Amino acid sequence: MSIVAYLALTLGGAGLTLLARPRPSVAQAVGLVALALATLAAFAIVPGERLTLGSGDILGTTAYGRAFLVLGTASGLLIALLGVVTNAPRDLPVVLLGGFGALGLGLSMASPVGAAVAVTVGALGGALMTLDGPPAPRRTEVAVLEFRAVAVAAALALVGLAWTARPIGPLTLAPGAFGLAFAAVLFAVAIRFGAIPFHLATARLADAVPGPALPMLAAWAPAGLAVVALGWIETGVLPAGLDLGAERAVVVTIGLATIVLGAVAAWMQDDLEHLVAYTIVSDAGFILLGLTVLEPSAGGPTRIFILVYLAAKTALGGWAVALASRFGTRRLDDLSGWARRSPALGIGLALVVVATFGLPGLLAWTVRFRLLELSIGGPLGVIALVGASAALGAYVRLARIGLRPIGEAVAAGPGDRPVRGGGPGGLAPVSIAAALVLVLALVAVAVSGGVAGAAEASGAGGTPGASPGTSGEPGTPPGDGAPSPGVSDGSETSPPTDSGGPSFQPLPTP
């Protein structure tokens, strides 16, 4: 089974890299080779395969799971290479391999409870990066806070998921308890993303973990839980047909506050990694909004946005690492003129902005409007859209700083002209870092524009074994005047033909 090969390469590669840890150069080489092989294995995953033991499915592959793992492992390989040229800690490949192995297991498990356990274990393993480096009280404090956030979120999610693992008939007799379970799972996702008011853990995370690891810990690991929650909503919440208006209103409020206040916080930061962390938090609010929409048409747009979000934030994190490494500082006040000194990184940031917000007609642009329309709509939706545009302020500020006269720290750093260095006949690490950032940014633009298969994988339909119509309907191919794949307007009710998420079984009826 193709997913088994992927899991063997990621989890086995993480184990081999740990065994080689006493020899850093060997461990680094093993980790990079394992990530490269795992990327190839992710491409080889065949949607629709199932591993069955006894009378029930244990693992199952989906089109969306394949797209998620291909994007994640390929991006992880590029981030690991960037870590090599920027002298990132040696444990970065282990965290990436273990994290994506856990995500691969979680996205292929038939049980939502088992899937939540898998992604939680991966998050706990990744949180060990907070302890990398010399012992310090501040580092220990951040590690404790991160472990606590993961543990609290896991407890909420597991209680909510496990409580609803029973026939729908008895559930409808206790709608209040069902609503609490729904709220618990969504609160767990909010805590993992560091949504407002749970953002302090993410802000402190930016202080403790090395820059290349920040997208993995702050975006990818929480997104795994969000995908699990979305699959559970489609197979376990929608069939119940309960009115969860009060619970939805609370989470919508959190999502809106996260979008607007996270953007304002990012604009106010003086530290580059803190700015990245708060942009990650801000856009996570759209994912929360997507999870509150209890309609079959919401699954496709939410899944598309998750892929766009992950690609864009990984590229932004890589850009920040390359910039700070080149000029030796993370303080924005000391980076005056960075774009003049490095036009390549300036182009990289521009591509990240396009990937994040999209342009009219592009997939990223469409799903942002669609999620606001589905979750809020009306005048409040217009207000939310205006507030969401505040996120541009942080990027505009970065651009303005980059176009100022070149400051002392930036003048002392290297420019973009390729120079020899880093070994006989080799290019300087700064040149390699800039090239890797441009590749990450181009990948993000491809996903944002819908040319990387994100729409097809995200909007293919419900989950294997689920009742028809439990996810976003497949759209009509572009060019026919119909919605893009996965961005359905909800007017069609044809049954789905493939999987758009984890392979969860629907709740049984009495």
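Let's start at Ser-2, which sits in helix α1, residues 2-19. This is a predicted model, so please hear every value as computed. Is Ser-2 buried or exposed? Ser-2 counts as buried, because its relative accessible area is 12% and the cut-off for buried is under 20%. Its side chain has two polar partners to look at. A polar atom of that side chain lies 3.0 Å from the backbone nitrogen of Val-46, and a polar contact of 2.7 Å joins the side chains of Ser-2 and Glu-49. If we set aside residues up to four places away in sequence, Ser-2 touches Ala-44, Ile-45, Val-46, Glu-49 and Thr-61.

Now let me zoom out for a moment. The chain has 510 residues, and buried ones make up 57% of them. Its secondary structure comes to 21 helices and two strands. For those of you who like contact order, take the contacts with a separation of 6 or more: residues 24 or more positions apart account for 80% of them. The chain exposes about 18600 Å², with carbon and sulfur atoms supplying 68% of that.

One of the strands is β2, residues 56-60, and Ile-58 is found there. Ile-58 is partly exposed, with a relative accessible area of 35%. Together with Val-4 and Leu-51, Ile-58 makes a nonpolar surface patch of about 200 Å².

Next, please find Thr-39 in helix α2, residues 24-43. Thr-39 is buried, at a relative accessible area of 9%. Which backbone oxygens lie by its side chain? The oxygen of Leu-35 lies 2.8 Å from a polar atom of the Thr-39 side chain, and the oxygen of Thr-73 lies 3.4 Å from one. Leaving out neighbours within four places in sequence, Thr-39 is in contact with Thr-73, Ala-74 and Leu-77.

A quick stop for anyone who checks omega angles. Ile-196 and Pro-197 are joined by a cis peptide bond, with omega at about 10°. Pro-197 is placed in the loop between α8 (175-193) and α9 (200-208).

My last stop is helix α15, residues 343-357. Its 15 residues reach 21 Å from the first C-alpha to the last, close to the 21 Å expected at 1.5 Å a residue. Which residues of α15 are buried? They are Ala-344, Leu-345, Gly-348, Leu-349, Leu-351, Val-352, Ala-355, Thr-356 and Phe-357. As you read that list, keep the helix geometry in mind: an α-helix has 3.6 residues a turn, so residues three or four places apart point the same way. And what covers the buried residues of α15? The cover includes α12 (272-292), α13 (299-327), α14 (338-341), α16 (363-375), α18 (392-403) and α20 (429-449).

Let's follow the chain out of α15. Just after the helix, Gly-358 takes a positive phi of about 75°. Leu-362 is partly exposed, with a relative accessible area of 24%. Not counting residues up to four places away in sequence, Leu-362 touches Ser-448 and Gly-449. The C-alpha atoms of Leu-362 and Gly-450 are separated by 7.1 Å, although these two residues are 88 residues apart along the chain.

That's my tour, and I'm happy to go back to any of these spots on the screen.

Technical notes
Residues numbered from 1 in each chain as written. Predicted model: local features only at pLDDT ≥ 70, side-chain atom pairs only at ≥ 80, totals over all residues. Heavy atoms only, no water. Helix = DSSP H or I, 4+ residues; strand = E, 2+ residues; numbered from the N terminus. Expected span 1.5 Å × (residues − 1). Buried < 20%, exposed > 50% of the residue type's maximum accessible area, 1.4 Å probe, protein only. Contact = heavy atoms within 4.5 Å. Polar contact = N/O pair within 3.5 Å; in protein donor to acceptor, adjacent residues only side chain to side chain. Patch = residues over 30% accessible without salt bridge, like charges linked within 9 Å, V, L, I, M, F, W, Y side chains within 5 Å. Areas by Shrake-Rupley, 256 points an atom, 1.4 Å probe, with all protein chains shown as cover. Salt bridge = Lys/Arg side-chain N within 4 Å of Asp/Glu carboxyl O.
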